[in-house]
Amino acid sequence: MGRALARLMVERGDTLFLLGREGGGDLAQSARDLEVRGGRPVQSAVCDLAAPATFGPALDAAVKALGGLDAVVVTAGAFGTQDQLEADPALLAAVLHINFTGTVLFCEEARQRLLPAGGTLCVFSSVAGDRGRKPTVLYGASKAGLSRYLEGLDHRYRSQGLRVVCVKPGFVKTSMTAGLQPPPFAGEPQDVARVVLRAIDRGTPVVYAPPIWRVIMLVVRLLPRFVMRRVGF
């Protein structure tokens with residue numbers, strides 16, 4: 001989803017600076033791909049949500065290269081199925097740290113650099129955080145905490161010019177969900193990217209992508225607890 005969004009942004013003329021994990025050449029490859037698509041240089045810096053020491057230097061490199069920041073978009077995260085997370089404490093610890101603690105700490109660094117002139121902080125959470133559900137107890141908890149943080153951040157700083165956009169994707173066909181059975185209404189990265197880019201431009205506080213998930217999760221949130229105990233979704 002992050003690659004699809006970056007491609008849309010660079011193709012319309014936005015100047016980008018990429019942050020990502022080092023290893024395998026993915027970061028450099030993504031930057032070169034965006035340079036070809038946008039016709040301008042795209043710089044990058046190493047930043048890992050599992051390593052808070054990388055946050056400040058990476059964001060400072062972006063500020064220096066771009067001459068300031070209009071928006072910071074966070075699409076990274078970690079995933080594991082409920083069975084995997086229950087069976088592997090190390091994986092569980094990593095998912096909880098990356099999806100909540102690491103992401104919040106990164107957002108705090110980004111907030112400090114965006115606030116002086118205003119700007120947009122767009123962060124990918126998940127519909128899994130909207131309601132406690134059997135298949136996503138642990139992953140959903142990490143995203144629920146992130147969503148509440150972003151909501152509070154919007155309430156606290158919107159009047160000071162910081163626009164916070166919380167993206168809640170439903171099931172999207174990406175490498176993260178490879179091997180899982182897609183449910184009805186599964187989305188494609190390109191379609192999600194278009195919805196998210198529109199939300200960034202408008203400063204929409206919460207956006208569901210694909211949009212049908214707003215209705216689906218409204219129904220799920222309204223189901224009584226005794227029903228949620230019986231159903232498997």
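Close-up 1. A193 touches A4, L5 and L8, when residues up to four places away in sequence are not counted and contact is taken as heavy atoms within 4.5 Å. The model is a predicted one, in which local features need pLDDT of at least 70 and side-chain atom pairs count only at pLDDT 80 or more, while totals for chains, interfaces and linings use all residues. Residues are numbered from 1 along each chain as its sequence is written, and side-chain values use heavy atoms, with hydrogens and water left out. A193 is found in helix α7, where helices (H or I, at least four residues) and strands (E, at least two) are DSSP runs numbered from the N terminus. With a relative accessibility of 1%, A193 counts as buried, a term that means under 20% relative accessible area, as against exposed over 50% and partly exposed in between (1.4 Å probe, protein chains only). From A193 to G170 the separation is 23 residues in sequence and 13 Å in space, C-alpha to C-alpha.

**Close-up 2. The crossing of helices α1 and α7.** The axes of α1 (residues 2-11) and α7 (residues 189-202) come within 8 Å and cross at roughly 55°, the axes being lines fitted to C-alpha atoms over the stretch in contact, with angles running from 0 to 180 degrees between N-to-C directions. This angle makes α1 oblique to α7, since angles under 35 degrees count as roughly parallel, over 145 as roughly antiparallel, 65 to 115 as roughly perpendicular and the rest as oblique. On the α1 side the contact is made by A4, L5, L8 and M9, and on the α7 side by P189, Q190, A193, R194, V196, L197 and I200. By class, this contact of α1 with α7 has 9 nonpolar, 1 polar and 1 charged residues, where Ala, Val, Leu, Ile, Met, Phe, Trp, Tyr, Cys and Pro count as nonpolar, Asp, Glu, Lys and Arg as charged, and the others, Gly among them, as polar.

Close-up 3. Within α1, the residues A4, L5, A6, M9 and V10 are buried, and what covers the buried residues of α1 includes α2 (26-38), β3 (71-74), β4 and α7. Just after α1, G13 takes a positive phi of about 110°.

**Close-up 4. The pairing of helices α5 and α6.** The axes of α5 (residues 89-114) and α6 come within 8 Å and cross at roughly 15°, which makes α5 roughly parallel to α6. α5 passes α6 in a right-handed crossing. Among the α5 residues that meet α6 are L92, F100, C107 and R111, and those of α6 include L138, K143, Y149 and Y157. The residues of this contact of α5 with α6 divide into 12 nonpolar, 4 polar and 3 charged.

**Close-up 5. Cysteines C47 and C107.** With a disulfide taken as a pair of cysteine sulfur atoms within 2.5 Å, the count comes to 0 disulfides. C47 is in no disulfide, and the nearest cysteine sulfur, that of C107, is 11 Å away; C47 counts as buried at 9% relative accessibility. C107 is likewise in no disulfide, the nearest cysteine sulfur being that of C122, 9.9 Å away, and C107 is buried with a relative accessible area of 0%.

Terms used:
Left-handed = near helix turned anticlockwise from the far one by under 90°.
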